[in-house]
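Here's a quick tour of a metal site and the sheet and helix around it. Have the viewer open as you read.

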Amino acid sequence: MDEGPTARILYTTCPESLDISTYPDQFPLVFCVGKLDVLSFSCWDRFEGRMFEIWEGLKAAFWLIVMFDAELWEISLRSLRVTLTALLIASVIAIPLGTYLALQRFRYRRFVISMINALMGLPPVVVGLVVYLLLSRSGPFGVLNLLFTPTAMIIAQVIIITPVIVSIAHQSMRELWAEYHDLLISLNTSKRQRVLTLVKDGRRNLLTAALAGFGRAIGEVGAIMIVGGNIDHVTRVLTTAIALETGKGDFALALGLGCVLIGIAIIVNITIHTLSQTEREGRW
Amino acid sequence: MNALFPLELRQVVVRRRTKRVIGPVDLILNPQGPTIIIGPNGSGKTTLLRVMHGIERINAGQVIWAKDDPAKHAFVFQSPIMMRRSVAENLAYPLRLAKLSAAAINTDVDHWLSRIGLDAVRDNPATRLSGGERQKLAIARALVCKPEVLFLDEPCANLDGYATRDIEVLLQEAAAAGTRLVMATHNMGQARRLAQDLVFMLDGKVHETGPAAQVFAAPQTDALAAFLRGDIVP
Ligand SMILES: Nc1ncnc2c1ncn2[C@@H]1O[C@H](COP(=O)(O)OP(=O)(O)OP(=O)(O)O)[C@@H](O)[C@H]1O
Ligand SMILES: [Mg+2]
């Protein structure tokens with residue numbers, strides 16, 4: 001009996017599997033499966049079916065992307081718009097706050113910092129639920145009619161990522177403040193000047209903090225599903241669309257969306273890092 | 001000539017966590033300088049300078065300036081603090097705080113960079129400078145705003161003879177231009193070269209003080225005599 005791994009072409013135009021040696025480089029997707037005999041036939045078929053779906057999905061995804069599919073385009077842009085807006089708002093709140101917490105001593109400072117660290121772990125679904133209750137018709141902000149709008153999704157994302165950015169920003173600003181403390185005190189700087197100096201000289205670290213927030217927001221699904229409602233052409237974004245398409249069994253579209261999501265995350269990271277390094281002069 | 005002085009310390013005590021770091025200290029610094037503070041490690045030189053500069057909280061006593069104007073103070077720390085910016089931007093920082101015009105800032109920065117011989121590396125990160133270059137930059141950064149009093153905490157520690165001489169020339173020029181120097185040092189040669197007044201710190205207290213010529217020639221206490229001879233002070 002053959003004990004070694006058996007190479008099989010899992011997806012071919014004909015339904016049966018073929019020996020790899022027959023078609024040396026004709027099919028790109030090849031899986032090595034050890035001890036093929038232990039897989040029962042039905043299990044094997046399902047496995048093969050899934051592989052088929054993934055392959056089909058990747059192919060479909062590829063075409064959706066290269067053909068600039070209108071729906072995919074729309075959803076992706078909405079995702080970016082919602083997340084970048086949330087990121088901007090959260091950064092404007094979080095970066096000065098994190099810096100301030102790093103250099104200002106006050107009575108409940110430790111308590112505030114541990115609260116913020118705790119808020120970092122806030123489950124998005126719970127945030128979604130609370131925002132939903134606040135914005136729903138009978139809630140305190142019901143009159144604003146914000147539920148199931150992109151604005152509601154932005155609000156939820158701001159709540160989710162602000163603590164993340166504050167916490168990371170605070171951490172790195174504290175190190176910088178320890179470095180600069182004596183100099184800035186000695187130069188008789190005002191509070192405002194200290195914050196501005198720390199933000200300026202620590203901008204690289206702050207950028208990392210913001211990117212962590214971006215990563216969390218762009219991939220978030222629980223909260224925006226609840227407050228946005230995943231309404232076609234209104235509040236559907238990449239993550240909620242993936243959830244929907246997966247549920248419907250349309251793996252091709254789901255995978256296509258997934259690829260775009262990953263692509264956006266990578267491109268945004270690279271872009272921001274490249275931009276920040278154009279003015280690079282040293283290791284900071 | 002120097003409106004900020006005389007400076008008087010009255011019964012100043014600094015305590016940190018049950019330990020008395022310095023004090024009680026009584027000391028008068030008159031308008032002529034420089035004043036050099038000497039003493040063994042841990043005797044409180046740094047703390048005394050920080051108290052005078054007003055960046056160390058005191059637990060008792062008073063620090064009385066003839067005219068108190070923190071904007072006219074400058075301080076060079078024992079280990080120079082380099083901002084994460086270029087050499088030129090480090091120099092420009094106090095000028096920017098003082099809201100000078102861009103043209104005035106440029107002129108001053110250019111002048112000081114060539115004065116300390118760092119114009120070739122003006123756009124390099126200051127954190128990449130050598131120890132001696134950092135010290136020079138820190139001193140230039142303290143001098144750009146033309147302070148009336150400059151505190152220096154061992155500015156020549158770890159520097160070779162050439163760098164030390166450069167810095168002493170820089171300091172003498174500043175003194176001639178009207179900046180009152182107050183400096184801690186472990187370098188007895190430097191103390192002899194620069195000092196007008198000498199303050200000998202021991203165990204958190206001013207053990208002996210007086211005009212440098214007199215104190216060097218005839219120390220009144222055994223501890224200072226031993227310290228000047230280079231013996232280990234108990
Ligand atoms: N915040 C503080 N908490 C506790 N101890 C302190 C504090 N600041 C200073 N000390 C102690 O006070 C003493 C004097 O310190 P200081 O730095 O003034 O000495 P120094 O004369 O400058 O020494 P060196 O020559 O080594 O620079 C030291 O023993 C130091 O450990
Ligand atoms: Mg010291």
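## Ground rules

Buried means under 20% relative accessible area and exposed means over 50%, with partly exposed in between (1.4 Å probe, protein chains only). This is a predicted model: local features need pLDDT of at least 70, side-chain atom pairs count only at pLDDT 80 or more, and totals for chains, interfaces and linings use all residues. Residues are numbered from 1 along each chain as its sequence is written, chains are lettered from A and ligands numbered from 1 in the order written, and side-chain values use heavy atoms, leaving out hydrogens and water.

## The magnesium site

Which protein atoms are donors of the magnesium ion (ligand 2)? They're OG1 of B:T46 and OE1 of B:Q78, at 1.9 to 2.4 Å from the ion. Donors here are N, O and S atoms within 2.8 Å of the metal (3.2 Å for Na, K and Ca); water isn't among the atoms, so sites may look incomplete.

B:T46 sits in helix 1 (residues 45-53) of chain B, while B:Q78 is in the loop between strand 5 (73-76) and helix 2 (87-97), 32 residues apart. Helices (H or I, at least four residues) and strands (E, at least two) are DSSP runs, numbered from the N terminus. B:T46 is partly exposed because its relative accessibility is 26%; B:Q78, at 38%, also counts as partly exposed.

## The sheet

Chain B has an open, antiparallel sheet of three strands in the order 2-1-4. Strands pair if DSSP finds at least two bridges between them. Strand 2 (19-29) and strand 4 (60-65) of chain B each have a single partner strand, so one side of each lacks a neighbour in the sheet. Seven bridges join strand 1 (residues 7-16) to strand 2 of chain B.
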